[in-house]
Amino acid sequence: MIEEVTDTTIDGKHIDQYGHVNYKAAPAILEPFQDALLLHTEVTFDGIEKDFGLRSFVKKVEITWHGELKEGDECWVSTILELGNTSMKFYQTLNKDGLVLSQLMVVVLVDNTGKPTAIPAELRKKLGEEVG
């Protein structure tokens, strides 16, 4: 398991007619923080495909809103990565004076036929997991 915490400010592109972040925007807001966490381990989804021949397939996205976000809100995002046998689970929270949003995203690694495939030991090691 690895975790990264990052500050962010809500920009206007996700604001709806009610003046707050639209419910559909949560994955778009949080995705860059998933990518950043992976990048700090020198792993990218494109690299997983290139180096291991595995594609990533989003199996599940579960979002819970605990409040609202408005343009200019200063927040912090916690991103935790946990590895399963064939999956990468991203647990994320977005906080502004307390919890506002939580998201679980499960990404399954699949081969070129779409069959879920075990995460290779070399990739596990890059992602900080003790292998052996």
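This is a predicted model: local features need pLDDT of at least 70, side-chain atom pairs count only at pLDDT 80 or more; totals for chains, interfaces and linings use all residues.
## Getting started

Helices (H or I, at least four residues) and strands (E, at least two) are DSSP runs, numbered from the N terminus.

Residues are numbered from 1 along each chain as its sequence is written, and side-chain values use heavy atoms, with hydrogens and water left out.

## The sheet

Let's begin with the strands. Strands of a sheet pair through backbone hydrogen bonds, either parallel or antiparallel. Here five strands form an open sheet in the order β1-β3-β4-β5-β2, with antiparallel pairing; two strands count as paired if DSSP finds at least two bridges between them. The edges are taken by β1 (2-9) and β2 (55-65), each with a single partner strand, so one side of each has no neighbour in the sheet. From one strand to the next, the twist averages 20° (axes are lines fitted to C-alpha atoms, for helices over the stretch in contact, and angles run from 0 to 180 degrees between N-to-C directions).

You can follow the pairs one by one. Eight bridges connect β1 with β3, and Ile 2 sits opposite Leu 81 in β3. Antiparallel pairing over eight bridges also links β3 and β4, and a hairpin joins these two strands through three residues. Across that pair, Glu 82 has Lys 89 in β4 as its bridge partner. Between β2 and β5 there are 10 bridges, and Phe 57 is partnered by Val 108 in β5.

## A closer look at Val 106

Leaving aside residues up to four places away in sequence, Val 106 touches Phe 57, Val 58, Lys 59, Lys 60, Ser 87, Met 88 and Lys 89; contact means heavy atoms within 4.5 Å. Val 106 and Leu 83 are 23 residues apart in sequence, and their C-alpha atoms are 9.7 Å apart in space.

## The helices

Helix α1 has 15 residues, which at 1.5 Å a residue should span 21 Å; its end C-alpha atoms are 22 Å apart, which agrees. (The expected span is 1.5 Å times one less than the number of residues.) An α-helix has 3.6 residues a turn, so residues three or four places apart point the same way. In α1 the buried residues are Ala 26, Ile 29, Leu 30, Phe 33, Gln 34, Leu 37 and Leu 38. These buried residues pack against β1, α2, β2, β3, β4 and β5. After α1 comes Glu 42, with a positive phi near 65°.

The helix α2 (residues 45-52) lies across β2, β4 and β5, and runs at about 170° to β4.

## Two nonpolar cores

A nonpolar core is a set of buried Ala, Val, Leu, Ile, Met, Phe, Trp, Tyr and Cys residues joined through side-chain atoms within 4.5 Å. Which residues have the most contacts inside the largest one? They are Leu 38, Leu 81, Met 88 and Leu 127, in a core of 16 residues. Two or more residues of this core come from each of α1 (26-40), β3 (74-83), β4 (87-95) and β5 (99-110), and β5 gives the largest share, three residues.

Leu 38 touches Val 43, Phe 45, Leu 81, Met 88, Phe 90 and Leu 127, again without counting residues up to four places away in sequence. A second, separate core has 13 residues, among them Ile 10, Ala 26, Leu 30 and Cys 75.

## Salt bridges

How many salt bridges does the structure hold? There are three, each a side-chain nitrogen of Lys or Arg within 4 Å of a carboxyl oxygen of Asp or Glu. Glu 62 meets Lys 60 at 3.5 Å, N to O; Glu 62 is partly exposed at 43%, and Lys 60 is partly exposed at 36%. Lys 70 pairs with Glu 68, their closest N and O atoms being 3.7 Å apart.

Asp 73 forms a salt bridge with Lys 96, with the closest N and O atoms 3.3 Å apart. Asp 73 lies in the loop between β2 and β3 and Lys 96 in the loop between β4 and β5, so this pair ties together parts 23 residues apart in sequence. Asp 73 counts as buried at 15% relative accessibility, whereas Lys 96 is partly exposed at 25%.

Key
Buried means under 20% relative accessible area, exposed over 50%, partly exposed in between (1.4 Å probe, protein chains only).
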